[in-house]
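Dear colleague,

Please find below the structure that I am handing over to you, together with its sequence. My findings are set out after it.

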Amino acid sequence: MKLDGRRESTNVDDRRGRGGMVRTAGGLGIGGVIIVGLITLLMGGDLGDVVNNVQSMGGVGGGIEQTQVDQTQFTAEEQELARFSRQILAGTEDVWTKIFAEQGWGEYQAPTLVLFSGAVQSGCGGATSSSGPFYCSADHCVYLDLSFFSSMKKQLGADGDFAYAYVIAHEVGHHVQYLLGILGDAHKKMSQTSQTESNKISVRLELQADFFAGIWGYYDNALFGSLEMGDVEEGLNVASKIGDDYLQKKARGYSVPDSFNHGTSAQRSKWLKKGLTTGNVQLGDTFSPAYNTL
């Protein structure tokens with residue numbers, strides 16, 4: 001991606017190096033959300049989504065505490081990834097501000113990006129780096145341990161700046177869903193149905209967040225000429241490698257479709273590509289189509 005000269009967002013709470021105790025909302029531990037260890041690394045949004053749902057039923061939340069972090073303790077690579085993340089977040093702010101205005105959705109309220117290392121306490125409960133990136137609607141924050149990008153590269157062979165940007169844009173997509181009331185409605189329905197049906201609603205949420213990530217990519221390129229040759233392929237590659245079927249087969253040799261909560265590799269690639277190629281936010285309805293046609 002071409003990001004030279006691009007602004008960096010100031011909506012960032014850098015908690016790296018602070019560590020932290022992990023408490024989970026409503027007694028729901030991280031292990032209760034995740035199927036197998038490998039999947040925890042690439043289930044962006046799942047922890048935040050599920051614990052948000054628990055919180056809405058009486059779980060405990062918390063606020064954001066901002067402190068200064070000694071930046072000298074980080075390597076040049078870590079600092080570059082932090083700068084990159086701030087630039088991508090700024091891009092999502094510019095894009096979604098424009099889209100909200102065009103669509104008549106009111107003023108876009110940007111989320112805060114929380115950078116952490118090791119463990120973090122969010123408004124949705126506690127999390128560790130192994131949980132992967134997630135969005136918490138209780139405090140309107142996207143949580144990211146930058147080491148996740150190394151895990152993507154080493155464990156799945158998913159690498160590249162647009163691949164990393166897609167991860168952030170996907171979580172911001174959940175924030176867009178929250179602002180539009182989609183996330184809250186979906187969580188309410190998930191709490192009122194069976195686990196299998198709840199998983200299907202979760203898949204619809206995740207595929208729409210993939211679509212919104214694609215919409216961001218389309219608009220960011222239109223506004224700033226940010227995409228370079230190979231960027232789209234990087235994004236589609238990582239989308240294909242974080243499908244539930246791919247991850248479950250990689251972890252244990254087989255998949256269990258009823259347990260899918262993010263979508264298959266084909267589905268995730270399809271909806272990311274749809275957003276990237278059309279740029280039409282009105283085409284992102286993942287809730288009306290029959291589940292087997294997603």
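This is a predicted model: local features need pLDDT of at least 70, side-chain atom pairs count only at pLDDT 80 or more; totals for chains, interfaces and linings use all residues.

Strands. Strand β2 (residues 112–115) is paired with two partners: 3 bridges join it to strand β1 (residues 12–14), with the two running parallel, and 4 bridges join it to strand β6 (residues 141–144), again in a parallel arrangement.

Helices. Helix α3 covers residues 76–103; at 1.5 Å a residue its 28 residues should span 40 Å, and the distance of 40 Å between its end C-alpha atoms therefore agrees with expectation. The residue that follows α3 is Gly104, with a positive phi near 70 degrees.

Helix α3 packs against helix α7 (residues 195–224) at an angle of about 95 degrees, and the axes are 9 Å apart. Because angles of 65 to 115 degrees count as roughly perpendicular, α3 and α7 are described in that way. Residues of α3 in this contact include Ile88, Val95, Trp96 and Ile99, while those of α7 include Phe212, Trp216 and Leu223. By class, the contact has 10 nonpolar, 2 polar and 4 charged residues.

Serine 265. Ser265 belongs to helix α10 (residues 265–278). Its relative accessibility is 12%, so Ser265 counts as buried, the cut-off being under 20%. Beyond its neighbours within four places in sequence, Ser265 is in contact with Ala239, Ser240, Lys241, Gly243, Asp245 and Tyr246.

With kind regards

Technical notes: Residues are numbered from 1 along each chain as its sequence is written. Side-chain values use heavy atoms; hydrogens and water are left out. Two strands pair if DSSP finds at least two bridges between them. The expected span of a helix is 1.5 Å times one less than its number of residues. Buried means under 20% relative accessible area, exposed over 50%, partly exposed in between (1.4 Å probe, protein chains only). Contact means heavy atoms within 4.5 Å. Axes are lines fitted to C-alpha atoms, for helices over the stretch in contact, and angles run from 0 to 180 degrees between N-to-C directions. Angles under 35 degrees count as roughly parallel, over 145 as roughly antiparallel, 65 to 115 as roughly perpendicular and the rest as oblique. Ala, Val, Leu, Ile, Met, Phe, Trp, Tyr, Cys and Pro count as nonpolar, Asp, Glu, Lys and Arg as charged, and the others, Gly among them, as polar.
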